[in-house]
Amino acid sequence: MGQITLKQVTKSFGDLQVIPPLDLEINDGEFVVFVGPSGCGKSTLLRLIAGLEDVTSGEISIDGQIATDVPPAKRGLAMVFQSYALYPHMSVRKNIAFPLRMAKTSPEEQERKVTEAARVLNLTDYLDRKPGQLSGGQRQRVAIGRAIVREPAAFLFDEPLSNLDAALRVNMRLEISELHQTLDTTMIYVTHDQVEAMTMADKIVVLQAGVIEQVGSPLELYRNPANKFVAGFIGSPKMNFLDGSIAAEHNAATIGVRPEHISVSREGGTWRGKVGVSEHLGSDTFFHITIDGMNEPLTVRESGEVDLRRGDEVWLTPSASHLHRFDAKGLVIR
Amino acid sequence: MARAVKPQRKAINTAVAWSIGLLIFFPILWTILTSFKTEAQAISDPPVFLAFDWTLENYGIVMERSNYARFLWNSIIIAGGSTILGIMIAVPAAWSMAFVPSKRTKDILLWMLSTKMLPAVGVLYPIYLLFIKLGLLDSRTGLVLVLMLMNLPIIVWMLYTYFKEIPGEILEAARMDGATLREEVIHILTPMAVPGIASTLLLNFILAWNEAFWTLNLTAAKAAPLTAFIASYSSPEGLFYAKLSAASTMAIAPILVLGWFSQKQLVSGLTFGAVK
């Protein structure tokens, strides 16, 4: 079981309120990702759930039990830290067994669980090494192993992949997703990387300045962002925003259209523009095109290789069904 | 790229380093040499360096005249006791200052250190009176307490700087893993801080071993450590340099041996955190 409910939770450091009253429901077995720019309060929120920080007011309950004043170890949650936070003076075996040792588990049971965790995480050959002798990816797996053996109600991940290189990050992303499917346990995952959020989450919680901007599945957020912030944050490359007279034509203060929802033509279309920088990825090409009446170039995504050069005059046509309209406050107009 | 050093340059550097090292060590060397001279040679002018009649006479007389073992035992008890007691008090203090600092932690650290800026003689009178009242005069317990208190600010400061180097996330991980505060300190913090704690122990032991002001003023016969043993040879009967040197050599020998065998630990501990 691993159902977590936050009711009117707030957090202040001195006079500074970093989390205004906040409600959140996390269902059993869900993979929930907290995403937002740095300093948005996502890590603080995770630490409140973990019990490493005390809430200023409000209530946190885990599986129906109020946990607000329960110490971290008694909440039945396990955490994987950004720096891995392994115990450098202990072998991998002792690191993984540490929570069991603290829980006074019998040595035979400890050995059984450590062996099992090592098998699942491909660490069997490294059990007698010290963390200093492992690669970044292996260290990360030890940290996960230490979490697994506790059989927690939920796993908490605090930017666990940000210290790894790009290729390894993709691998670990898959491994964690796979682990979630195998264990079927609630996981809460904090990241500033929207790609990680989109690829791993059942449910994404987008945060800005301690406020939940939107909660939903990755595709819900992609298709129906509730406001300009979410629209700009989810999706890569980010959504293009146009205001002024172009937006006014659509009865909005701002309109947004994603790079993949604009088509380019030499013959004719809605907006006329001039090609600037192009980025060729092979599978896709991103063009930065400045259209008349706008200072900022729009990003346009085309499949495959398209022969357009710097300075070419082109016409852009946004897909009408994928146009997002926002009012002056940045809220979506449905 | 490693910086290229010319061989001549390297030789000069080595010579300079050795000269400075010998210069610093010279007083100890001279004391040891003098302890093997006769009283006449010890004060001869010009002084003799190595060409003298080597004798063990001074050691014989010193051993005969005073009970070295008792002084040594007192030194061990006083230096060891004050160090261990100090560490036991300083570990929790440094833990709280390093990991759960308050707004005033920095002030408290400075304020603690400020007690070291007062000359010890300034508090001799009140402490002497307190010792009389409490019956601690000429007792090892009293000296353990006073020396511990004198060195406590330094112990706390040293441990504080070592603890600051330990990432807080590791302690948080231990807390998540179910460790109580006591288990966190015993299983995680202390093993990780072993180099720092060891050099703090050693340095403090050396400081306490060599401490002369309080040990001379607060002891008479029963609790007198090796500092009093040395002082007893600069006596009213006149100065006996060779015997004084023999006594000094005997007093510093144990700590010199300890320092020699732990020099690696001491150096790595004292430069801990200087390079990362």
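Hi everyone, and thanks for coming. Please keep in mind throughout that we are looking at a predicted model.

Which kind do we have here? In chain A, four strands line up in the order S2-S1-S4-S5, and their pairing is antiparallel. The sheet is open, and its edges are strand S2, residues 16-26, and strand S5, residues 65-66. Each of those edge strands pairs on one side only.

Let's walk across it. Strand S1 covers residues 4-13 and is joined to S2(A) by 7 bridges. S1(A) and S2(A) make a hairpin, with 2 residues between them. One residue in that turn is Gly14(A), and its phi is positive, about 65°.

S1(A) also pairs with strand S4, residues 57-62, this time over 5 bridges and again in the antiparallel sense. Here you can look for Thr10(A), whose bridge partner in S4(A) is Ser57(A). Now follow the chain into the loop between S4 and S5 of chain A, where you will find Asp63(A). Asp63(A) has a phi near 50°, a positive value in a residue that is not glycine.

Let's zoom out to the domains. How is chain A divided? The domain assignment gives domain 1, residues 4-231, and domain 2, residues 237-326. The C-alpha centres of these two domains of chain A are 38 Å apart. Where they touch, domain 1 of chain A brings 7 residues and domain 2 of chain A brings 8.

How much area is buried there? The two domains of chain A bury about 630 Å² between them, with 59% of it on carbon and sulfur atoms. On the domain 1 side, three residues stand out: Tyr222(A), Lys228(A) and Ala231(A) supply 81% of the area that domain 1 of chain A buries against domain 2 of chain A, more than any other three residues.

What about polar links between these domains? There are 2 residue pairs in polar contact between domain 1 and domain 2 of chain A, both at pLDDT 80 or more, and 0 salt bridges. Helix H7 (218-223) and helix H8 (228-233) of chain A each give at least two residues to the domain 1 side of this contact. H7(A) gives the most to that side, with 3 residues. By class, the domain 1 side holds 4 nonpolar, 1 polar and 2 charged residues.

While we are in this part of the chain, have a look at the loop between H8 and strand S11 (240-243) of chain A, which holds Pro237(A). The peptide bond from Ser236(A) to Pro237(A) is cis, with omega near -5°.

Now for chain B. How many residues meet across the two chains? In chain A, 25 residues are in contact with 15 residues of chain B. Together the two chains bury about 1700 Å², of which 63% is on carbon and sulfur atoms. Tyr87(A), His89(A) and Met102(A) supply 29% of the area that chain A buries against chain B, more than any other three residues.

A word of background: side chains of opposite charge can pair when their charged atoms come close. Between chain A and chain B there are 3 salt bridges. One of them joins Glu183(B) and Lys104(A), at 3.4 Å from N to O.

Which elements of chain A take part? Helix H1 (42-50), strand S6 (77-80) and helix H2 (92-102) of chain A each give two or more residues to the side that touches chain B. H2(A) gives the most, with 4 residues. That side of chain A has 17 nonpolar, 3 polar and 5 charged residues.

One last stop. Over all chains, the structure holds 21 salt bridges. Another example is the one between Glu109(A) and Lys113(A), at 3.9 Å from N to O. Both residues lie in helix H3 (residues 107-120) of chain A, 4 residues apart, about one turn of the helix.

Technical notes. Residues are numbered from 1 along each chain as its sequence is written. Chains are lettered from A and ligands numbered from 1 in the order in which they are written. This is a predicted model: local features need pLDDT of at least 70, side-chain atom pairs count only at pLDDT 80 or more; totals for chains, interfaces and linings use all residues. Side-chain values use heavy atoms; hydrogens and water are left out. Domain bounds come from an automatic or database domain assignment. Contact means heavy atoms within 4.5 Å. Buried area is the accessible area (1.4 Å probe) that two parts lose on being put together, summed over both. A salt bridge is a side-chain nitrogen of Lys or Arg within 4 Å of a carboxyl oxygen of Asp or Glu. A polar contact is a pair of N or O atoms within 3.5 Å; within protein, one must be able to donate a hydrogen and the other to accept it, and residues adjacent in sequence count only if both atoms are side-chain atoms. Ala, Val, Leu, Ile, Met, Phe, Trp, Tyr, Cys and Pro count as nonpolar, Asp, Glu, Lys and Arg as charged, and the others, Gly among them, as polar. Two strands pair if DSSP finds at least two bridges between them.
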